[in-house]
Amino acid sequence: MLTLPAYNAIKMKTKNILITNDDGVNAPGLMALAVEMQKFGEVTILAPDRNWSVCGHARTLDRPMKVRDVRLENGMPAFAADGSPADCVALAARGFLPQKPDLVVSGINTTANLGEDVIYSGTVAAAMEAAVWGIPAAAVSLDVPANPREARSYAAAAFFARRVLENASIYSLGAKVVLNINIPALTLEEIRGVQSTRLGRRIYSDRVERREDPRGNPYYWIAGDAPSGVSEHGTDIGAVSEGFVSVTPLHLDLTAYQHLLQISNWNWCERIEMRLPEKAILLPELNIIN
Ligand code: MN
């Protein structure tokens, strides 16, 4: 067990915690996370009023949004918005709440968000939206088998989410870093520990299925089995498959830095001359006459 120094000091520092998700405000994973995070600070819940899973970083700009006061099954007060997960965080960060949150925690998602899943995930997008506004954030997901025989238990996942965030608070991870936390669907005793990981590689089996409606018009499903992945050591997929909690630090900067120099050395001038006649560059008005 890790010893956490100055717990009270941390609690003072991290005061306002926003809890959101992409499964909708009534999802049991959100309630488990909210209950656990109350041990760490003041919790406010603002989450979508319906399921937005796999919505990515969708934002709503073309219509007004409504926010309702609701209560979770355990009586906790919450706000339910008719926008996306990223909308919920933008609302909270930009003036809906009297105070900007100090920390945004998104989840606990019903399934894992590993490897390329982070691009599709509304859970991760909510945390990324927090990073856009300079708020430290984490996404928390449970790695369950494709067809779990038992109901999901979020207790261990919620516990580890809090422990990870307590550490992140002590070691003051920057506000532009998002922690992507995936927890295997095991009991507290069964979980072997925590690994810091890089993103692994997912293997998707999606295919397009063409069907016809009763009028003979085609429609399409993109469907497939749950994704598998390359279970490589050091990756998030490897860690959860070995029974470890995976913590992957993500950042918004998608720049492939190793290619910057190469692109700057490409022969730009020659290519421009090849495409444009010389007079078009020197005398653009002649183009109009032509
Ligand atoms: Mn989801």
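At 12% relative accessibility, Asp-23 counts as buried, where buried means under 20% relative accessible area, exposed over 50% and partly exposed in between, with a 1.4 Å probe and protein chains only. This is a predicted model, in which local features need pLDDT of at least 70 and side-chain atom pairs count only at pLDDT 80 or more, while totals for chains, interfaces and linings use all residues. Residues are numbered from 1 along each chain as its sequence is written, and side-chain values use heavy atoms, with hydrogens and water left out.

Let's start at the metal. Asp-22 (OD), Asp-23 (OD), Ser-53 (OG) and Asn-109 (OD1) coordinate the manganese ion at 2.1 to 2.3 Å. Donors here are N, O and S atoms within 2.8 Å of the metal (3.2 Å for Na, K and Ca); water is not among the atoms, so sites may look incomplete. Asp-23 sits in the loop between E1 and H2 and Ser-53 in the loop between E2 and strand E3 (67-71), so the pair ties together parts that are 30 residues apart in sequence. Helices (H or I, at least four residues) and strands (E, at least two) are DSSP runs, numbered from the N terminus.

| Residue | Relative accessible area | Class |
|---|---|---|
| Asp-23 | 12% | buried |
| Ser-53 | 33% | partly exposed |

Now for helix H2 (residues 28-37): Gly-29, Leu-30, Leu-33, Ala-34, Glu-36 and Met-37 are buried there. Seen down the helix axis, these buried residues fall within an arc of 165 degrees (taken from the directions from the axis to the C-beta atoms), so they line one face of H2. Their packing partners include strand E1 (16-20) and helix H6 (155-170), with contact meaning heavy atoms within 4.5 Å.
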